[in-house]
Amino acid sequence: MRTRAGHAHASPKRTISKRIPKASFFLDRKYHSLSNKIFQAAGREPCFACCLDILTERISTCLACGAPQGTCPTGFKGLYMSGLGLDLSDLAVDHSALLERPFGELMSQARELRAAGHGASVSFSPKVFLPLTQLCRDVCGYCTFAHPPHAGMRAFMSIEKVLEVARAGAAAGCTEALFTLGEMPEQRYRVAREELAELGCATTIDYLIEVARRVVAETGLLPHINAGIMSGEEMARLRDVSVSQGLMLESTSSRLLERGGPHFGSKGKHPRVRIEMMEEAGRLAIPFTTGILVGIGETREDRIESLLAIRALQERHGHIQEVIVQNFQPKPYTRMANHPALPMDEMLWTVAVARIVLGPRMNIQAPPNLSFDDFPRLLEAGINDWGGVSPVTPDHVNPEAAWPTLEKLRIATERSGAALIARLPIYPSYLAKRQHWLTPAMQTAALQHSDAEGWARADPWSPGTLVSPKRPTPAITRLARSGIEASIDRAMAGERLHETEIARLFAARAGDFDVVVAAADVLRRKVSGDKVRYVVNRNINYTNVCTYKCSFCAFSKGKGAEHLRGKPYAVSLEEVSRRAAEAWERGATEVCMQGGIHPAFTGQAYLDLLAAAKRGAPTIHVHAFSPLEVAHGAATLGITLDRFLGRLRDAGLGSLPGTAAEILDDEARRILCPDKLDSAKWLDVVEAAHRTGLPTTSTIMFGHMDTHRQWARHLLSLRDLQERTGGITEFVPLPFVHMEAPLYFKGQARKGPTFRETMLMHAVARLVLNPLIGNIQVSWVKLGAEGVLACLGAGANDLGGTLMNESISRAAGTQHGQELPPEAMDTLIARAHRRAEQRTTLYGKPAAGQVAASYEAEQLAPLVMGPIGKKRTAATAEIA
């Protein structure tokens with residue numbers, strides 16, 4: 001027997017029952033009782049195509065027990081579900097119970113399920129709608145999108161027009177390029193075939209692939225493909241140029257295909273054909289969108305059965321990332337122009353049932369524009385997504401229904417007690433497993449649009465750029481059931497928070513974001529008042545040659561980094577002395593010295609550098625050598641950390657920078673810096689410094705491929721260390737600057753943290769580290785003036801150093817300069833309505849003469865960098 005092309009079965013040994021209207025499903029042995037999940041397929045998995053016959057043939061009795069439709073205790077589609085190889089006990093839905101439950105109970109349960117699965121978050125996708133062609137082989141009775149060819153009109157949008165619209169969308173902050181188009185128009189229209197031939201394409205899908213490729217390459221938008229029925233081969237090819245695809249199931253009711261029905265004459269609308277395509281998409285690991293169209297002649301029972309079919313596919317493959325419940329709206333000049341629109345209560349009932357059938361974690365979407373002014377009520381029925389909303393293009397499928405503005409959508413969402421979040425056309429849970437769901441090229445494209453949770457970046461700002469950061473808009477109300485207040489109260493009292501609590505604070509949005517930032521600012525005022533301090537200092541980066549292969553670093557140079565910014569150098573000891581002396585003359589109280597791990601350097605090289613700085617300025621504070629440099633120095637001299645740190649201290653070292661920490665989580669470090677100190681070793685070096693009497697700063701580099709939990713572990717590691725030693729003077733968040741970073745070039749990193757995440761890092765650090773680390777510093781070189789002002793209102797109380805000759809961030813691509821002199825520091829702090837105060841490295845009061853000199857400083861003399869050729873220069877040999 002052959003059920004469809006390429007799908008055959010051997011002759012059956014026996015059938016289930018003589019009451020089966022058609023021998024479309026066979027078992028290799030006698031079926032079991034209902035208590036054993038209806039039946040058991042022995043020897044092989046039942047054929048999916050045959051199960052579809054059961055679903056779409058509208059048989060009148062249950063194949064397992066012979067009960068009339070609607071009276072089978074497991075639900076009429078029990079056998080269909082088992083045919084998908086699924087656990088019936090998990091999927092069985094009592095149709096009659098859902099149909100008979102009071103409306104209010106359904107709505108209440110749906111809201112509870114939504115809250116359990118999605119908390120107080122409601123998403124939307126900022127998109128552009130690209131109707132590549134509105135010619136279609138189908139003739140659905142409700143559709144005005146598809147239409148026959150018009151004289152003088154092209155069958156397809158030109159690539160130039162598509163790119164024009166896509167660029168406008170990218171400029172407006174969109175991340176999704178929605179390609180919705182008619183299905184296989186070349187099968188119906190000669191003009192489509194001729195135009196495709198002119199374009200050098202055999203099919204519409206061929207042209208779509210080329211256009212989507214250009215959109216990704218030239219605009220950065222992420223394509224989502226709705227192209228109707230496609231073969232597995234076509235979907236696989238589109239997978240290379242898109243992050244998701246979609247096909248509305250619409251309904252499993254074959255009645256809608258009959259004469260007079262909305263799908264009459266539309267080949268692609270047969271439920272079996274559509275389910276087969278969705279099954280194939282699952283096998284291909286394509287993040288997929290589907291849904292049901294409600295109010296076109298189907299019954300409530302039909303809707304439940306359609307939702308069960310979707311759930312079965314999801315249970316089988318896990319690829320259905322969202323389900324749309326779309327309500328029918330009649331349109332003029334269609335066969336269904338006089339068909340009544342779906343009543344709002346009926347829409348709400350269907351959305352609530354969808355949530356109950358599909359469960360708490362499914363993303364359930366309802367288009368806000370099709371409910372007009374009633375759209376906020378959809379939140380009461382359990383949706384967690386508004387779908388795609390465009391600030392640039394209309395809804396070409398429903399042109400009579402304009403999308404609400406994003407501000408209107410935000411207000412409605414927040415009034416319901418939720419936060420509105422922009423998303424990508426691939427949801428966060430799928431992006432988190434991008435190696436499975438996306439091709440390598442699309443992994444890179446999606447990652448660069450995302451934040452730490454996998455949501456869309458809210459604006460084009462990145463650390464180090466001159467783009468003005470955009471602080472999140474204050475919420476109109478607090479989020480419902482957020483539960484962060486208890487964590488904030490405990491932090492304010494100085495208690496140690498748990499990792500989960502801290503991660504939750506980092507996830508704060510809308511009203512929760514406002515509360516976290518406000519609490520941090522209150523605590524800052526309590527700890528340090530209204531003064532903002534900074535140190536006048538000079539950076540001396542004595543070499544950028546490094547043997548380590550940190551994937552984030554654009555400063556260090558080696559054979560693998562010759563294409564990056566700058567050439568390799570090693571500064572002579574005389575130049576180190578000259579720079580230290582010049583810094584002192586310009587009012588500095590500190591020189592900060594760090595460099596790459598030069599292969600010729602030993603511990604003696606660091607002692608020599610320290611001595612050179614002291615020769616140039618005997619009383620200047622030397623803040624130098626990262627934990628990695630200290631470990632390297634001790635190892636090359638064959639002595640313990642404590643002994644080497646003691647020698648550095650005795651030679652005049654005043655403190656250590658707590659750099660090279662990056663993220664104190666070894667899973668992340670295996671990618672960021674696999675050959676560097678692991679987390680425990682970094683902490684050991686810093687603790688040894690504290691034992692030796694050398695204070696340190698502490699840092700975090702965040703916003704690359706890290707997570708909220710990794711940020712939380714980092715903060716807790718620093719807090720625990722400080723509780724043991726008390727040797728940390730300040731905490732310095734360092735946002736990842738992506739522009740020149742190798743990790744970003746390889747497509748493995750985000751574009752740094754978002755500005756919301758940057759503000760939260762300062763705010764959450766203030767709370768989590770209280771009362772052990774009282775100074776939270778903001779990096780002007782990475783954030784610029786506007787970023788500094790915002791973070792000064794989010795718990796920060798320190799601006800770090802004036803940084804004569806800052807070069808590490810500059811090498812990474814930051815555009816905020818190499819020095820911020822005291823006059824500029826004071827002006828910036830005054831803009832925050834705070835009081836500026838110079839400090840020493842260890843938060844003492846600098847000498848009056850040095851403060852005065854800092855305001856009368858001459859221009860810096862040109863630097864002598866000591867370039868390195870193929871042979872080591874004398875300067876390098878001298879240091880080594």
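Reader: Which residue in β19 does R533 stand opposite?
Author: R533 stands opposite D798 in β19. This is a predicted model, so local features need pLDDT of at least 70, side-chain atom pairs count only at pLDDT 80 or more, and totals for chains, interfaces and linings use all residues. Residues are numbered from 1 along each chain as its sequence is written, and side-chain values use heavy atoms, with hydrogens and water left out.

Reader: How many bridges link β12 and β19?
Author: Two, in the parallel sense, with β12 covering residues 531-535. Two strands pair if DSSP finds at least two bridges between them. Strands are DSSP E runs of at least two residues, helices are H or I runs of at least four, and both are numbered from the N terminus.

Reader: What's the strand order in that sheet?
Author: β19-β12-β20, an open sheet of three strands with parallel pairing. The edge strands are β19 (798-801) and β20 (835-838), and each pairs on one side only. Neighbouring strands are turned by 20° against each other on average, direction ignored.

Reader: Which helix lies across β12, β19 and β20?
Author: α31, residues 822-831, running at about 160° to β12. Axes are lines fitted to C-alpha atoms, for helices over the stretch in contact, and angles run from 0 to 180 degrees between N-to-C directions. Contact means heavy atoms within 4.5 Å.

Reader: And the four-strand sheet, what order there?
Author: β13-β14-β15-β16, open, with parallel pairing. β13 (537-541) and β16 (653-655) stand at the edges with a single partner strand each, so one side of each has no neighbour in the sheet.

Reader: How many bridges join β14 to β15?
Author: Four bridges join β14 (residues 590-594) to β15 (residues 621-624), and the two run parallel. In this pair, C592 stands opposite H623.

Reader: Switching to β18. Why call it largely enclosed?
Author: Because seven of its eight residues, in the stretch 728-735, are buried. Buried means under 20% relative accessible area, exposed over 50%, and partly exposed in between (1.4 Å probe, protein chains only).

Reader: How is β17 joined to β18?
Author: By six bridges, with β17 (residues 696-702) running parallel to β18. S698 stands opposite F731 in β18.

Reader: What do the buried residues of α25 pack against?
Author: They pack against β17 and β18, plus the helices α22 (627-637), α23 (641-650), α24 (666-672) and α26 (708-725). The buried residues include W682, L683, V685 and V686.

Reader: How far does α25 reach?
Author: 18 Å from first C-alpha to last, over 13 residues (679-691). That is close to the 18 Å expected at 1.5 Å a residue. The expected span is 1.5 Å times one less than the number of residues. G693 follows α25, with a positive phi near 90°.

Reader: And α19, how many residues?
Author: 19, residues 510-528. α19 reaches 27 Å, close to the 27 Å expected. Its buried residues include D512, D521 and R524, as well as F513 and L523. G529 follows α19, and its phi is positive, near 65°.

Reader: Where is D459?
Author: In the loop between α16 (440-447) and α17 (485-492). D459 is buried at 17% relative accessible area. D459 and T754 lie 295 residues apart in sequence, but 7.9 Å apart in space, C-alpha to C-alpha.

Reader: Overall picture: how many helices and strands?
Author: 33 helices and 20 strands. Of the 880 residues, 61% count as buried. Among contacts between residues at least 6 apart in sequence, 77% join residues at least 24 apart.

Reader: What does the accessible surface come to?
Author: About 33200 Å², with 53% belonging to carbon and sulfur atoms. Areas come from the Shrake-Rupley method with a 1.4 Å probe, and for residues only the protein chains shown count as cover.
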